[in-house]
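I opened a notebook for this structure and kept it to things I could look up directly. The entries follow in the order in which I made them.

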Amino acid sequence: MSLTDPTSPESPQSPQSPEPSGNKAALALGDDALILSHRLGEWAGHAPELEEEMALANIALDLLGQARTLLSLVGEEDDLAFLREERSFRNVQLVEQPNGDFARTIARQLYFSTYQELLYGELAGGDEPISGITALAGKAVKETAYHRDHAEHWTLRLGDGTEESHQRMQRGLDTLWRYTGELFQPVAGVDVNWQAIRATWTSSVTAVIEQSTLTVPDGPQESPWAAGAGRQGVHTEPFGRLLAEMQHLHRSHPGASW
Amino acid sequence: MTARTDPADTALEARLRELAGAVADPELPVLTLAELGVLRELRLLGPGRVDVELTPTYTGCPAIGTMSADIARVLHEHGIPEVTVRTVLAPAWSTDDITAEGRRKLAEFGIAPPRRNRTSGPVPVPVELGPIRRRRAAAPAPAAALAPAATAASTAAEPEPVRCPQCGSADTVLLSRFSSTACKALRRCESCREPFDHFKEI
C-alpha cells in the first residue's frame, strides 16, 4: 500500500526505479544526514543545558544542509524527504535509533560522526573529478570534524565523570554497538576503501573509549538481530514513528507554505 | 554568449560586482558579502542579464536564501531585470576567505575573528573537566591525541590563542563549540569575565 497522499497533484519521485549509482550514493548519504538531523532536532527544548541545546541544533542544521544538497542531486528534495515510504529510505539503521538519554545520543554521535568524517574525507580527497557528491563532501568534512570533536569531548566527560554518567555512557555505547557493522557496507557509487575506513574508525573510536575509562563493546557489530540492512531499505521498528512525525505535516497539508 | 570586449560592459560588470559585494550579511550585518568572501563571481551575460555565484559558509547556512534575494533586489534596482544567483560548493568556503577588513569589523563588533593560515578543523583544547571525576585517567591527554589519523595532521601545531574582543586578553576558555550560529563558538574571557562569540575556523 502506498502512503503517498492521493490528493497530491504529482506522484513523488520513484526511488525504487533503477538509478545511476551516483544517485544511489547521494540517496544513501543524504538519508543518513536527513534522519540523524531529525533525531537531533528532537532534542530541541529537552537538552540538559542551554549550550547543548545550541550544539545539537547546530549539528542538526549542518546535517540538514548536507541532506538537502545530496537529495537535490537525486530529485525534488521535499518529495524525497516527505513522500517516500519507509522501505525507500537508504540510511543506515544507526541514525534512526531513538535518542535515549543524553549519553546514548552521544554514543550515536561518536560512532556516526567518526564514520561520516572519514567517508567525506575519502570522497573529497579522491581522484574523481568534482561532482555534486565530492563537492558536498569537501565542504561537509570540515563541519563533521566539529561534530566528532563534540562527541569525543562528551564521551570523555561522561565516561570519566561520575559513577552514574560512566554507566550511562557505557550503556549507550553497548546498546548501539550492533549497528556499527553496517556502516562499512559498501555503497554503490561510493568509490572508497571501505576496509581502510573501518580500520581507522575502529582505532579512532577505541582510543576515545579507552581514554574515557570505558570499555569497547565486545559483542558482534553485525548479527542476524542487527539486521544491518538499512542500505537495502530494511529499517528498525522506531523508524516508522520517526517518519510519521517527520512527514505528518507535509502530508496533511499538501503544498502548504509559510 | 555576447562579446565581452566592450569596455563599457566591463565597467558595468565591475560596478555590479561592487554593488552585489556591498550587500550586508543577513546574520552578521556588520559584514558585507564581499568581506565575508561568499560572493564568488558575477558575470554580465548580456543586456540586463547577470549570473551570480554565491557560496555558503556552512552547508546548512539558512541565510543563503536571503543573501540571494538581497543580491537580486540590489541588481534589479540598478537596472538588471534578469538575475540568476547560483549556489556553488566547490572549492569549499574557508574562514581564510574573510578579508582583512572583514576580520577587523568582526573584532570591532565583539566577535573574535577566526585564526588564519592553518588547515581547517577543530583546534584541540584540553578537556576541562568539572570537579567531579570518577577516576582520573592516568595521563590526561590533549584532545589531539584522540583525533583520528585523518585529522591529526591539522592539529599538530600549537594553536595561537583566541583573544578576547573586549579587552584583548589571550586568557580565554571555550564554553561551547557551537554558539548562536553554526559558524561561531562560545568563549569566555578569564580576564574581564565577558562571554563572547568566536568565529570558528573551517
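**Entry 1: two helices of chain A**

I noted that H2(A) and H5(A) are oblique to each other. The model is a predicted one, and I keep that in mind throughout. I looked up the angle behind the word: the axes of H2(A), residues 50-74, and H5(A), residues 102-125, cross at roughly 40 degrees. These axes come within 13 Å. The angle is called oblique because angles under 35 degrees count as roughly parallel and 65 to 115 as roughly perpendicular. H2(A) passes H5(A) in a left-handed crossing.

Which residues make the contact? On the side of H2(A), I listed Glu52(A), Leu56(A), Ile59(A), Leu63(A), Gln66(A) and Leu70(A). H5(A) contributes Phe102(A), Gln109(A), Gln116(A) and Tyr120(A). I sorted the residues of this contact into six nonpolar, three polar and one charged.

**Entry 2: the three-stranded sheet of chain B**

I found an open sheet of three strands in chain B, in the order E1-E2-E3, with mixed pairing. E1(B), residues 39-46, and E3(B) stand at the edges, and each has a single partner strand, so one side of each is left without a neighbour in the sheet. The twist averages 15 degrees from one strand to the next.

E2(B), residues 49-54, pairs with E3(B) in the parallel sense over six bridges. I picked out Val50(B), whose bridge partner in E3(B) is Val83(B).

What packs on this sheet? Helix H3(B), residues 64-77, does, touching E1, E2 and E3 of chain B. The direction of H3(B) makes about 155 degrees with that of E2(B). Helix H1(B), residues 7-21, lies across E1 and E2 of chain B and runs at about 140 degrees to E1(B).

**Entry 3: the four-stranded sheet of chain B**

Chain B also has an open sheet of four strands, ordered E4-E7-E6-E5, again with mixed pairing. The edges are E4(B), residues 111-112, and E5(B), residues 172-176; each has a single partner strand, so one side of each lacks a neighbour in the sheet.

E6(B), residues 184-189, and E7(B), residues 195-199, pair in the antiparallel sense over five bridges. Lys184(B) stands opposite Phe199(B) in E7(B). Arg193(B) is in the loop between E6 and E7 of chain B.

**Entry 4: backbone angles**

Most residues other than glycine have a negative phi, and most peptide bonds are trans. I looked for departures from this.

- Arg193(B) has a positive phi, near 70 degrees.
- Thr213(A) has a positive phi, near 60 degrees, and is placed in the loop between helix H8 (194-211) and helix H9 (237-252) of chain A.
- The peptide bond from Ala90(B) to Pro91(B) is cis, with omega near -5 degrees. Pro91(B) lies in the loop between strand E3 (82-87) and helix H4 (100-109) of chain B.

**Entry 5: confidence**

For the complex, the predictor gives an ipTM of 0.75 and a pTM of 0.84. Chain B averages a pLDDT of 81, and 77% of the residues score at least 70.

Where in chain B is confidence lowest, and where highest? It is lowest in helix H5(B), residues 149-152, at a mean of 40, and highest in helix H2(B), residues 33-36, at 96. Over residues 128-156 of chain B, pLDDT stays under 50. The model has 48 contacts beyond four places in sequence for that stretch. Where pLDDT is low, the predicted coordinates should not be read in detail.

Conventions
Residues are numbered from 1 along each chain as its sequence is written. Chains are lettered from A and ligands numbered from 1 in the order in which they are written. This is a predicted model: local features need pLDDT of at least 70, side-chain atom pairs count only at pLDDT 80 or more; totals for chains, interfaces and linings use all residues. Side-chain values use heavy atoms; hydrogens and water are left out. Axes are lines fitted to C-alpha atoms, for helices over the stretch in contact, and angles run from 0 to 180 degrees between N-to-C directions. Angles under 35 degrees count as roughly parallel, over 145 as roughly antiparallel, 65 to 115 as roughly perpendicular and the rest as oblique. A crossing is left-handed if the near helix is turned anticlockwise from the far one by less than a right angle, and right-handed if clockwise. Contact means heavy atoms within 4.5 Å. Ala, Val, Leu, Ile, Met, Phe, Trp, Tyr, Cys and Pro count as nonpolar, Asp, Glu, Lys and Arg as charged, and the others, Gly among them, as polar. pLDDT is the predictor's confidence in each residue, from 0 to 100. Two strands pair if DSSP finds at least two bridges between them.
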